[in-house]
Amino acid sequence: MLSGHEMQNDGLKRTPLASLMESLGGKMVPFAGYAMPVQFADGILKEHKWTRANCGLFDVSHMGQAFVIGPDHETTAKALEALMPGDFVGLKPGQQRYSLLLTDEGGIMDDLMVTRSIHPHFEGWLMLVVNAAFKGVDFAQIASRLPEGVRLEAAPDRALIAVQGPKTAEVLAPHCEDSCDMVFMQSKASKIGGIDCHISRSGYTGEDGFEISVKSEYANDLARLLLKNKLVKPIGLGARDSLRLEAGLCLSGHDFDETRTPVEASLSWAIPKVRREAGGFPGATRILRELSEGTTQKRVGIKPLGRAPAREGTQVHLDGVYVGEITSGGFGPTFGGPVAMGYVRADLAVPGTKLELMVRAKAHPAEVVKLPFVPQNYYRG
Amino acid sequence: MSKLYYTEDHEWLSVDGDTATVGISTYAAGQLGDVVFVELPEVGKTVKKGEDIAVVESVKSASEIYAPVSGQITAANAALEDAPETVNEDAQGAGWFFKMTISDAAELSGLMDEAAYAEFTKE
């Protein structure tokens with residue numbers, strides 16, 4: 001049986017769903033060491049809009065899944081709190097949190113999801129899902145810093161399927177053994193079509209949806225079952241990127257990296273009050289100071305006022321002077337125009353501020369806007 | 001009677017006497033995916049073969065359009081500014097980018113005809 005992800009001749013790894021994606025018309029491209037579908041026959045624009053209207057199925061098995069396992073919840077949670085600014089001790093069974101893996105200087109190594117199992121059998125386990133591009137360094141960093149008695153177990157034998165869009169709950173309902181009726185950022189272990197899964201109501205498109213972790217050998221059966229529903233179409237990484245950008249969500253390594261702190265990256269909301277009061281996470285001195293005194297730059301939404309998209313790396317100017325840079329930019333199919341985000345001088349990080357984007361050496365007018373570009377549509381009960 | 005040429009950058013030229021209409025090939029439009037923005041050259045601009053003079057952007061990426069031959073831009077397809085999707089719908093017709101004069105007809109000899117381009121794009 002397949003354990004981990006097979007490597008093919010070109011040096012790219014294949015997820016358990018790669019062949020299925022290819023057979024469905026996926027145009028495979030290298031991404032984070034994997035052959036992944038960037039789009040299907042419909043193309044990015046249609047796939048994006050389909051997901052916002054119906055249900056898109058994404059193979060995200062390239063992402064890193066792991067369990068951090070300790071003797072009890074508090075011990076495991078505290079071990080992770082020493083590495084991230086999230087409140088994991090306060091996680092209730094079945095709850096999921098978005099958090100940030102920090103360097104000792106308070107820079108962001110990666111963002112991730114941390115989930116506490118709802119089942120007493122897994123007391124002391126927290127499940128992590130990290131970005132594909134960083135899973136090696138993330139897991140090494142975490143493993144090397146866990147205290148005695150707490151360990152990290154990577155789960156390369158698991159696939160991950162994201163189903164996203166307003167019709168997703170309707171699609172899943174007939175297959176869920178017990179109800180899949182949880183709210184945003186809640187999870188449970190259950191069966192879908194008789195297959196054991198970890199299901200969380202989350203995702204990275206701004207839509208209601210679920211991420212389903214499943215043993216690799218059952219991934220194809222599960223994906224095929226879901227794709228039988230006419231409301232479900234396979235969606236590529238291209239649309240995944242435009243969906244998350246419209247939703248104002250960061251792409252790790254682009255919209256932040258080790259040189260940016262959570263405060264600069266406008267992710268202070270991921271540092272709850274209890275952690276601000278007690279500190280005790282990497283870079284806490286700097287981050288707590290920045291929380292009260294501010295930073296020199298801030299991540300903001302930037303809307304080009306013309307039709308030309310401004311891509312990553314585009315300089316942002318004010319009256320001809322450099323004030324920042326675009327970190328993600330493209331076209332928002334649902335928004336119906338170009339969308340971007342990036343870093344600007346903190347005093348300019350105010351919606352309505354007019355800026356210039358230097359696209360191909362010409363200044364194009366733009367303005368700072370509140371994120372997201374398209375309203376988030378999470379299910380909160 | 002116009003003659004159709006292609007460049008290795010997947011542009012087509014329909015040449016009629018000493019003028020050419022230029023766009024990107026149907027194959028290129030398919031590879032690029034949904035076109036969401038086109039930046040056209042200024043009419044009257046003198047261009048050298050190989051110079052980047054226009055841009056076509058899909059959801060995912062931006063690609064340069066090069067002058068396929070040397071000459072002067074005589075027209076730009078302003079309709080693409082409001083309807084860039086025309087490039088996908090009719091790449092080698094209504095989706096044309098610009099028209100230009102050809103200052104050195106000898107430059108055409110390095111280009112491909114329909115059959116050669118079909119071979120060039122064969123996978």
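Modeller: In this predicted model, helix α2 (residues 44-53) of chain A packs with helix α7 (residues 237-246) of chain A at an angle of about 55 degrees, and their axes are 8 Å apart. Helices here are DSSP runs of H or I with at least four residues, numbered from the N terminus, and axes are lines fitted to C-alpha atoms over the stretch in contact, with angles running from 0 to 180 degrees between N-to-C directions. α2(A) and α7(A) are therefore oblique to each other, since angles under 35 degrees count as roughly parallel, over 145 as roughly antiparallel, 65 to 115 as roughly perpendicular and the rest as oblique. The crossing of these helices, α2(A) and α7(A), is right-handed, that is, the near helix is turned clockwise from the far one by less than a right angle.

In contact (heavy atoms within 4.5 Å), I44(A), E47(A), H48(A), T51(A) and R52(A) of α2(A) meet G238(A), A239(A), S242(A), L243(A) and E246(A) of α7(A). Sorted by class, this contact of α2(A) with α7(A) has 3 nonpolar, 4 polar and 3 charged residues, where Ala, Val, Leu, Ile, Met, Phe, Trp, Tyr, Cys and Pro count as nonpolar, Asp, Glu, Lys and Arg as charged, and the others, Gly among them, as polar.

Residues are numbered from 1 along each chain as its sequence is written, and chains are lettered from A and ligands numbered from 1 in the order in which they are written. Local features need pLDDT of at least 70, side-chain atom pairs count only at pLDDT 80 or more, and totals for chains, interfaces and linings use all residues, while side-chain values use heavy atoms, with hydrogens and water left out.

Note on methods
Helix = DSSP H or I, 4+ residues; strand = E, 2+ residues; numbered from the N terminus.
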